[in-house]
Amino acid sequence: MTDRTPRPVRVLLADDQPLLRTGFRMVLGAEHDLDVVAEAGDGVEAVDLSRRLLPDVVLMDIRMPRMDGVAATRAIVDARLPVRVLILTTFDLDEYVVGALRAGATGFLAKDVPAEDLVAAIRTVAAGEAVVTPRILKRLLDRFAEVLPDPSAPPP
């Protein structure tokens with residue numbers, strides 16, 4: 001008889017605040033299908049651990065010492081690792097959001113997201129889909145709608 005239980009989603013926590021990492025580990029540890037495989041305190045360590053451990057998802061903070069989350073995301077994506085990055089930050093400024101998405105992040109959440117939404121987002125990102133906090137998504141849509149051509153205008 002074979003075991004058909006899917007393997008847990010392997011998560012790397014990257015945040016420069018140990019207390020926050022502990023909180024994330026507690027939330028994720030309560031889920032049977034999520035496994036925190038390591039923690040990184042800065043972007044350099046996050047990239048190194050991503051290369052060595054190949055987690056499914058890196059939960060990445062934006063502002064960290066030595067290398068920020070955007071640069072670390074870019075390094076992970078440029079290395080063509082089979083790793084998805086979900087940005088989780090208190091700083092949801094448009095520059096950070098756009099920078100992270102351009103760097104290859106698969107999702108962007110604010111740190112005030114409820115625990116169940118964080119868990120759902122990790123599962124969604126691990127499955128190959130994208131996640132963006134609704135208030136951030138609204139701002140992005142408003143911003144890009146301004147630069148899209150008017151569909152009722154005659155073709156050039």
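How are H1 and H5 oriented to each other? They are roughly perpendicular. The legends below describe this pair and other close-up views of a predicted model.

View 1. The predicted model has six helices and six strands. The protein has 156 residues, and 40% of them count as buried. Take the contacts between residues at least 6 apart in sequence: 65% of them join residues at least 24 apart.

**View 2. Helix H1 crosses helix H5.** H1 spans residues 18–29, and H5 spans residues 115–126. Their axes come within 10 Å and cross at roughly 75°. Angles of 65 to 115 degrees count as roughly perpendicular, and H1 and H5 are therefore described that way. From H1, the contact is made by Phe24, Val27 and Leu28. From H5, Ala115, Leu118, Val119 and Ile122 take part. By class, this contact has seven nonpolar residues, no polar residues and no charged residues.

**View 3. Asp61 lies in the loop between strand S3 and helix H3.** S3 covers 57–60, and H3 covers 69–78. An unreviewed UniProt entry annotates Asp61 as "modified residue: 4-aspartylphosphate". Is Asp61 buried or exposed? Asp61 has a relative accessible area of 4%, so this residue is buried. Which residues does Asp61 contact, leaving aside its neighbours within four places in sequence? They are Ala14, Asp15, Asp16, Gly69, Leu88, Thr89 and Lys111.

**View 4. Asp16 sits in the loop between strand S1 and H1.** S1 covers residues 9–14. Asp16 is partly exposed, with a relative accessible area of 29%. Beyond its neighbours within four places in sequence, Asp16 contacts Arg21, Gly41, Asp61, Arg63, Met64 and Pro65. Asp16 and Pro65 are 49 residues apart along the chain. Their C-alpha atoms are separated by 7.2 Å.

**View 5. Arg21 belongs to helix H1.** Arg21 is buried, and its relative accessible area is 13%. Where does Arg21 make contact, once neighbours within four places in sequence are set aside? Its partners are Leu13, Asp15, Asp16, Glu39, Ala40 and Gly41. Asp16 links this view to the previous one, where Arg21 is listed among the contacts of Asp16.

**View 6. Leu54 has a positive phi in the loop between helix H2 and S3.** H2 covers 43–53. Phi of Leu54 is near 45°. Most residues other than glycine have a negative phi. At 37% relative accessibility, Leu54 counts as partly exposed.

**View 7. Arg80 also has a positive phi, near 55°.** This residue is not glycine either. Arg80 is found in the loop between H3 and strand S4, which covers 84–89. Is Arg80 buried or exposed? With a relative accessible area of 75%, Arg80 is exposed.

How values were computed: Residues are numbered from 1 along each chain as its sequence is written. This is a predicted model: local features need pLDDT of at least 70, side-chain atom pairs count only at pLDDT 80 or more; totals for chains, interfaces and linings use all residues. Side-chain values use heavy atoms; hydrogens and water are left out. Axes are lines fitted to C-alpha atoms, for helices over the stretch in contact, and angles run from 0 to 180 degrees between N-to-C directions. Helices (H or I, at least four residues) and strands (E, at least two) are DSSP runs, numbered from the N terminus. Angles under 35 degrees count as roughly parallel, over 145 as roughly antiparallel, 65 to 115 as roughly perpendicular and the rest as oblique. Contact means heavy atoms within 4.5 Å. Ala, Val, Leu, Ile, Met, Phe, Trp, Tyr, Cys and Pro count as nonpolar, Asp, Glu, Lys and Arg as charged, and the others, Gly among them, as polar. UniProt positions are given in the numbering used here, feature names are shortened, and annotations may be inferred rather than shown by experiment. Buried means under 20% relative accessible area, exposed over 50%, partly exposed in between (1.4 Å probe, protein chains only).
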